[in-house]
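Biologist: Could you show me how to read a protein model, feature by feature? I am new to this and would like to learn with an example.

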Amino acid sequence: MKLSHFQFNLPPELLAEFPAENRDEARLMVINRKTKTIEHKMFKDIIDYFDDGDVMILNNTKVFPARMFGNKEKTGARIEVFLLRELNAEQRLWDVLVDPARKIRIGNKLYFGDDDSLVAEVIDNTTSRGRTLRFLYDGSYEEFRRKLTELGETPIPKYINREVTEEDAERYQTIYAKEEGAVAAPTAGLHFSKHLLKRLEIKGINFAEVTLHVGLGTFNPVEVEDLSKHKMDSEELKITQQACDIVNNAKAKKQRICCIGTTSMRAIESSVSSDRKLNPFEGWTNKFIFPPYDFSIADCMVTNFHTPKSTLLMMVSAFCGHDLMKKAYEEAIKEKYNFYSYGDAMLMI
């Protein structure tokens with residue numbers, strides 16, 4: 001398939017700027033891939049589609065406050081610094097994006113905080129917007145990380161054109177987030193409330209947790225018509241033996257296995273054995289899933305509504321079937337579903 005197959009007209013007012021008032025009261029579109037039917041529900045109704053022994057695979061990554069604002073030495077120009085990944089803890093080296101990038105050169109210093117209590121020096125140019133920073137901080141590593149958290153803000157997506165609020169710090173995070181390292185939330189999981197998780201647990205649903213630290217590369221635009229030539233950025237991934245046991249036992253018993261989000265799906269599809277079982281894994285993945293694709297483990301999936309030409313939409317299309325996905329998205333636009341990070345959800349069974 002080509003990039004142009006994933007273009008559609010998305011009315012800008014359907015891009016959600018705020019989350020639903022209650023996590024589990026977002027809307028849920030349910031798509032049956034066999035009967036090609038579409039139902040309209042509330043997210044909390046998801047419990048009706050699962051039975052005792054079924055498994056949900058959750059991405060337990062935790063978003064850290066990756067967006068910071070500093071001032072350039074001498075000129076005082078305000079510079080946005082987006083922390084991507086830590087390169088060396090001992091030397092306080094970070095891979096970052098800067099904006100505006102044209103003002104930031106090797107050797108420049110940036111000052112953070114009202115009292116300039118944190119300073120960073122630019123030591124390398126990595127891409128047009130990418131830089132390597134060395135933070136100059138005398139305290140312990142723990143104190144340094146606390147300082148980054150204190151000075152950073154929740155990295156809600158750029159399309160949300162408003163100030164970050166205290167609510168964002170809580171709502172742009174799943175309630176089961178544990179392992180800090182993501183710069184974007186695994187958004188399908190944002191719809192689960194504590195109450196809904198408890199109800200699922202009581203019904204006998206098992207949860208397998210994987211960790212995929214979502215990077216900004218997930219949202220990079222695809223710029224080649226031939227999808228086989230697109231390269232995904234690598235993201236850090238960990239799958240434990242415990243998660244594998246939960247998933248493989250359910251698969252052996254022919255129970256339903258549901259990936260919560262594209263990140264969970266990419267995680268498990270990155271570590272599959274020749275006999276289509278889930279293997280433990282610790283490392284990095286740049287897996288790119290687009291049609292046609294033969295999925296090995298999960299037989300259903302929860303995801304949000306994605307933007308045109310995105311790699312996320314391509315994965316959904318591979319799982320759902322392209323024609324059915326097109327029909328579902330036309331229905332979503334007609335019914336005014338909310339799209340993207342704070343938007344509504346889709347369950348494909």
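Biologist: Which residue of E10 stands opposite Ala-120?

Modeller: In this predicted model, Ala-120 faces Phe-135 in E10. The two strands involved are E9 (residues 118-125) and E10 (residues 130-136), which run antiparallel and are joined by six bridges.

Biologist: What do E9 and E10 belong to, together with E5, E6, E7 and E8?

Modeller: They form a closed barrel of six strands, in the order E5-E6-E7-E10-E9-E8, and the pairing is antiparallel. From one strand to the next, the twist averages 45°.

Biologist: Which helix lies across those strands?

Modeller: That is helix H1 (residues 141-151), which lies across E5, E6, E7, E8, E9 and E10. Relative to E9, H1 runs at about 90°.

Biologist: Let me try a strand next. How should I read the side chains along one?

Modeller: Start with the general idea: in a regular strand the side chains alternate between the two faces of the sheet. Now look at strand E14 (residues 257-260). Ile-257 and Cys-259 point one way, whereas Cys-258 and Ile-260 point the other way.

Biologist: Are those four residues of E14 buried or exposed?

Modeller: All of them are buried.

Biologist: Which strands pair with E14?

Modeller: Strand E3 (residues 55-59) pairs with E14 in the parallel sense, over three bridges. Here Ile-57 stands opposite Cys-259. Strand E16 (residues 300-304) also pairs with E14 in the parallel sense over three bridges. In that pairing, Cys-258 has Cys-300 of E16 as its bridge partner.

Biologist: Now helices, please. How do I describe two that pack together?

Modeller: Two packed helices are described by the angle between their axes and the distance between the axes. Take helix H5 (residues 262-269) and helix H6 (residues 311-320): they pack at an angle of about 70°, and their axes are 10 Å apart.

Biologist: Which residues meet where H5 packs on H6?

Modeller: From H5 come Thr-262, Met-265 and Arg-266, and they meet Leu-312, Met-315, Val-316 and Phe-319 of H6. Sorted by class, this contact of H5 with H6 has five nonpolar residues, one polar and one charged.

Biologist: How does H6 pack with H7?

Modeller: H6 and helix H7 (residues 322-334) pack at about 120°, with their axes 7 Å apart. H6 passes H7 in a right-handed crossing. On the H6 side, Leu-313, Val-316, Ser-317 and Cys-320 meet His-322, Leu-324, Met-325 and Tyr-329 in H7. The contact of H6 with H7 has six nonpolar, two polar and no charged residues.

Biologist: How many residues of H6 are buried?

Modeller: The count is 10 of its 10 residues. The buried residues of H6 pack against strand E1 (27-32), H5, E16, H7 and strand E17 (345-348). Just after H6, Gly-321 takes a positive phi of about 100°.

Biologist: Which residues have a positive phi although they are not glycines?

Modeller: Lys-74 is one of them, with a phi of about 70°, and Arg-92 is another, with a phi of about 60°. Lys-74 lies in the loop between strand E5 (67-72) and strand E6 (78-88), while Arg-92 is in the loop between E6 and E7.

Biologist: Why does Lys-74 count as exposed, and why does Arg-92 count as buried?

Modeller: Compare each value with its cut-off: exposed means over 50% relative accessible area, and buried means under 20%. Lys-74 has 84% relative accessibility, so Lys-74 counts as exposed. Arg-92 has 10%, so Arg-92 counts as buried.

Technical notes. Residues numbered from 1 in each chain as written. Predicted model: local features only at pLDDT ≥ 70, side-chain atom pairs only at ≥ 80, totals over all residues. Heavy atoms only, no water. Buried < 20%, exposed > 50% of the residue type's maximum accessible area, 1.4 Å probe, protein only. Pairing = 2+ DSSP bridges. Axes fitted to C-alpha atoms, helices over the stretch in contact; angles between N-to-C directions. Contact = heavy atoms within 4.5 Å. Nonpolar A, V, L, I, M, F, W, Y, C, P; charged D, E, K, R; others polar. Left-handed = near helix turned anticlockwise from the far one by under 90°.
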